[in-house]
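Please examine the sequence and the model shown below. The paragraphs that follow begin with a single residue and then widen to the whole chain.

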Amino acid sequence: VKDFGAVADGKTLNTTAIQSAIDACTKAGGGRVIVSGGVYMTGTIILKDNVDLHIEADGVLYGSPDCSDYPEFEKAHVVNDNLPRHQSACMIFAEECENISITGKGKIDGHGDAFIEKVPEGVKSWMPYRRINAPTPPRVVFFTGCRNVLVEDVTMTNQPAGWSYWIHDCDYVNFSRVKILADLDYPTNDGIHVNCGRNVTISDSLISCGDDCIIVRANSRSLAENKVCEKVTVTNCNLTSHSSGIRIGWVNDGVIRNCTFSNIV
């Protein structure tokens, strides 16, 4: 990303530079976009076909503290108004892509402390913090309608009181050796949310968050047709949560089948 003008000072907004690197990579047939050597602030970036977003051990993708840097825009694969929280804003997005990945020993920092405040004394709340009034980004990573997805080794932290990963109507997804270290006192900080997904594997990962760590659902309201959620395998994971380690289904969900969970701490 440095070759496209990105500045690793933790202050410069690098959305355009990072997106330019991704666009050039997919246009060339695919490859690896490298984030290394510092902290890169960004708004919404969009992954494209055959691109590996690789965050090296000395690299950090750092979310912007400004809600306007996470725009709502029309998406072909979903109906925005029918999405949970009626929002599609996120930090990393991919739609109807193939062969995409986020890898590396580096970090994704959602800058969540910019979107959170302490609950005032005397106000009843089940958590000590709450979202500020602004429309905080509801997710960090949002993939929809994608195929052949890999998330490996990456650490995600400081989520803005929203889902860490939403995998929505995707096929052949693999999470391996990931860390999701959300603040246990931030509300609705979910870990990996698998919705209407097929052939999904989550293994050898550590997830710590205030809300559900792993969710398996079949909510098709935002899709053109009802989709089954099936063949989800979760194994060798360490989960910590104020809510559910594993949650299966919610109100008015469709079919969820052939899922297995093993060797969970």
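This is a predicted model: local features need pLDDT of at least 70, side-chain atom pairs count only at pLDDT 80 or more; totals for chains, interfaces and linings use all residues.

Leaving aside residues up to four places away in sequence, serine 176 touches Val151, Glu152, Asp153, Ser203 and Ser205; contact here means heavy atoms within 4.5 Å. Serine 176 belongs to strand E16. Helices (H or I, at least four residues) and strands (E, at least two) are DSSP runs, numbered from the N terminus. With a relative accessible area of 9%, serine 176 is buried. A residue is called buried under 20% relative accessible area, exposed over 50%, and partly exposed in between, using a 1.4 Å probe and protein chains only.

Residues are numbered from 1 along each chain as its sequence is written, and side-chain values use heavy atoms, with hydrogens and water left out.

How many helices and strands does the chain have? The chain has one helix and 25 strands. Its radius of gyration is 17 Å, close to the 18 Å that the globule rule gives for 265 residues, so the chain is as compact as a globular protein of that length. The radius is taken over C-alpha atoms, and the rule is 2.2 Å times the number of residues to the power 0.38. Along its principal axes, the C-alpha trace spans about 50 × 45 × 35 Å. Of the 265 residues, 54% count as buried. Among the contacts with a separation of 6 or more, 71% are accounted for by residues 24 or more positions apart.

The aromatic side chains deserve attention next. A search of the whole structure finds five aromatic pairs. Rings of Phe, Tyr and Trp (its six-membered ring) pair if their centres lie within 6.5 Å; planes under 30 degrees apart count as stacked, over 60 as edge-to-face and the rest as tilted. The rings of tryptophan 163 and tryptophan 166 have centres 5.2 Å apart and planes at 80°, so this pair is edge-to-face. Both tryptophan 163 and tryptophan 166 are buried. Another edge-to-face pair consists of tyrosine 165 and phenylalanine 175, at 5.1 Å centre to centre with 80° between the planes. Because tyrosine 165 lies in strand E15 (residues 163-168) and phenylalanine 175 in strand E16 (residues 171-176), the pair ties together parts that are 10 residues apart in sequence. Tyrosine 165 is buried at a relative accessible area of 0%, and phenylalanine 175 is likewise buried at 0%. Ring pairs also link Phe93, Phe142, Trp163 and Trp166 into a cluster.

Two loop residues complete the account. Cysteine 196 lies in the loop between strand E18 (192-195) and strand E19 (198-203). Its phi is near 50°, a positive value in a residue other than glycine. Is cysteine 196 buried or exposed? Cysteine 196 is buried, with a relative accessible area of 0%. Aspartate 204 is found in the loop between E19 and strand E20 (206-209). The phi of aspartate 204 is near 55°, again a positive value in a residue other than glycine. With a relative accessible area of 42%, aspartate 204 is partly exposed.
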